[in-house]
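Visitor: I am new to this structure and would like a short tour. May I put some questions to you?
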Amino acid sequence: MIVTILFAALFVMLSVLVARRGRAVAHDAAERALEQLAHVVPQLCVALLAAGFLAKLIPAEWIGGLLGASFLRLRLLSVAFVPIAAGLIAAGIVRQL
């Protein structure tokens with residue numbers, strides 16, 4: 001809940017800064033945000049589908065063993081597997097316009 005409030009406050013502060021710069025800047029910022037959103041949404045859909053399939057492939061006993069493990073071991077495993085999972089998901093990179 002606190003993270004949501006912080007993001008909302010950041011959004012409001014950045015919106016005020018953009019609005020103070022003028023209508024043209026606000027229009028350009030909104031246009032760029034929509035372009036980036038158009039690139040990210042399909043990637044997000046592919047990533048969510050891949051995560052769902054991976055969740056079905058990984059045995060529940062293995063996950064249960066990890067959740068009962070010490071925090072350090074779980075953290076080390078996540079650091080090891082995140083780059084592998086990111087490499088397997090062929091979602092691409094958000095273009096810099």
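Guide: Please do. A point on surface area to begin: in this predicted model, the chain has an accessible surface of about 8400 Å², and 76% of that surface belongs to carbon and sulfur atoms.

Visitor: What percentage of the residues count as buried, then?
Guide: The chain has 97 residues, of which 4% count as buried.

Visitor: And how many helices and strands are there?
Guide: There are 4 helices and 0 strands. Read from the N terminus, the order of elements is α-α-α-α.

Visitor: Take leucine 10. Where is it placed?
Guide: Leucine 10 lies in helix 1.

Visitor: Why does leucine 10 count as partly exposed?
Guide: Its relative accessibility is 39%, so leucine 10 counts as partly exposed; that class lies between the limits of 20% and 50%.

Visitor: A change of topic: how much space lies in the second largest pocket?
Guide: The second largest pocket holds about 210 Å³ of space.

Visitor: Which residues line the second largest pocket?
Guide: Its lining is made of Phe11, Leu14, Ser15, Val18, Ala19, Ala26, Ala29 and Ala33. By kind, the lining has 7 nonpolar residues, 1 polar residue and no charged ones.

Visitor: And which helices supply that lining?
Guide: Helix 1, spanning 2-21, and helix 2, spanning 23-57, each contribute at least two residues. Helix 1 gives the largest share, with 5 residues.

Methods:
Residues are numbered from 1 along each chain as its sequence is written. This is a predicted model: local features need pLDDT of at least 70, side-chain atom pairs count only at pLDDT 80 or more; totals for chains, interfaces and linings use all residues. Side-chain values use heavy atoms; hydrogens and water are left out. On a 1 Å grid over the protein atoms alone, a cavity is a set of points where a 1.4 Å probe fits but cannot get out, and a pocket is an open set with protein on both sides within 12 Å along at least five of seven lines; lining residues have an atom within 4 Å of a point. Grid points are joined across faces, edges and corners, and a volume is the space filled by probe spheres set on the points. Ala, Val, Leu, Ile, Met, Phe, Trp, Tyr, Cys and Pro count as nonpolar, Asp, Glu, Lys and Arg as charged, and the others, Gly among them, as polar. Buried means under 20% relative accessible area, exposed over 50%, partly exposed in between (1.4 Å probe, protein chains only). Accessible areas come from the Shrake-Rupley method with a 1.4 Å probe; for residues, only the protein chains shown count as cover.
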